[in-house]
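Thanks, everyone. I'll keep this quick. Please have a look at the sequence and the model on the screen.

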Amino acid sequence: MNYSLLSKPKFAGLKNYAKLLSDPLVAKALWVTLYYTLLSVPLTLMTGFFLALLLNRKIRGQSFFRTAYYLPSILNGVAVGLLWRQVFNPDFGILNFIVNLVFPVGKVEWLNDPNLVVPSLVLVSLWGVGRTMVVNLAGLQSIPTALYESAEIDGCPVWRRIWNITVPMMTPILFLNLITGLIGAFRTFTNAYVMTNGGPNNASLVYMLYLYQSAFQNFRMGYASALSWLLFLIVTSVTFLLFRTSRYWVYSEG
């Protein structure tokens, strides 16, 4: 349909889908989203796993640190975006102050540089790594301690215990975090909308932001619906491929 919310819908056949193939902003948004996904998902998985390993040990203040790392993940997305926009401010942002203490590079335009804006958004995504950490922590606590005790008796070093026991036993949890992380990365919207609104020069125009602009700024609801179907097909295909390949690397008892 061609539908602007204010007029009666008119049947458009496949014109909205045909427009997807010729719209340069669709290709741009897909590329930016893929770039963001390839950076944010591995970093989130590794950081969440590393933090879970640290907080699975019996240390003083364990409950405090678990709460401190998890708390940012439940904060409002708009508030987080506004907060980090001030952190990245080139004139008085704390990030430039810290960077220049170590490397005197001057004023860095984090959100105004096309080469830095997506990595900056990825850095913000790590703010919510506590959700992944908690899931990993639950998985670590379900691993039988007898496996570690046997390995320790055999003189197995710590890094071998992690690689040969922890990682294989954690693959179902890592697979879960991978699936949810990929879906979340493809659906990322709030930080890009609040912090950059797709700029500069569409360098941070993630797919969901372009879909939102098409629907609620340009009032092309039919075209936005076609965009959403394309996103659905991409996410479904990636998820199906991961499930098909999981049999080769995800450990399952029995």
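This is a predicted model: local features need pLDDT of at least 70, side-chain atom pairs count only at pLDDT 80 or more; totals for chains, interfaces and linings use all residues.

Now the overall picture. The protein has 12 helices and zero strands. Along the sequence, the pattern is simply α-α-α-α-α-α-α-α-α-α-α-α. The C-alpha trace spans about 75 × 50 × 25 Å along its principal axes.

Next, burial and surface. Of the 254 residues, 38% are buried. The accessible surface is about 15300 Å². Carbon and sulfur atoms hold 66% of that surface.

What about contacts along the chain? Take those with a separation of 6 or more: 68% of them join residues 24 or more positions apart.

Now the helix pair. Two packed helices are described by the angle between their axes and the distance between the axes. Here the pair is α2, residues 24-55, and α7, residues 130-141. Their angle is about 50°, and their axes lie 8 Å apart. Roughly parallel would need an angle under 35 degrees, and roughly perpendicular starts at 65. So α2 and α7 are oblique to each other. The crossing of α2 past α7 is right-handed.

Which residues make the contact? From α2, they are Thr44, Leu45, Gly48, Phe49, Leu51, Ala52, Leu53 and Leu55. From α7, they are Thr132, Met133, Asn136, Leu137 and Leu140.

And how does the contact of α2 with α7 split by class? Nine residues are nonpolar, four are polar, and none is charged.

That's the tour. Over to you for discussion.

Technical notes
Residues are numbered from 1 along each chain as its sequence is written. Side-chain values use heavy atoms; hydrogens and water are left out. Axes are lines fitted to C-alpha atoms, for helices over the stretch in contact, and angles run from 0 to 180 degrees between N-to-C directions. Helices (H or I, at least four residues) and strands (E, at least two) are DSSP runs, numbered from the N terminus. Angles under 35 degrees count as roughly parallel, over 145 as roughly antiparallel, 65 to 115 as roughly perpendicular and the rest as oblique. A crossing is left-handed if the near helix is turned anticlockwise from the far one by less than a right angle, and right-handed if clockwise. Contact means heavy atoms within 4.5 Å. Ala, Val, Leu, Ile, Met, Phe, Trp, Tyr, Cys and Pro count as nonpolar, Asp, Glu, Lys and Arg as charged, and the others, Gly among them, as polar. Buried means under 20% relative accessible area, exposed over 50%, partly exposed in between (1.4 Å probe, protein chains only). Accessible areas come from the Shrake-Rupley method with a 1.4 Å probe; for residues, only the protein chains shown count as cover.
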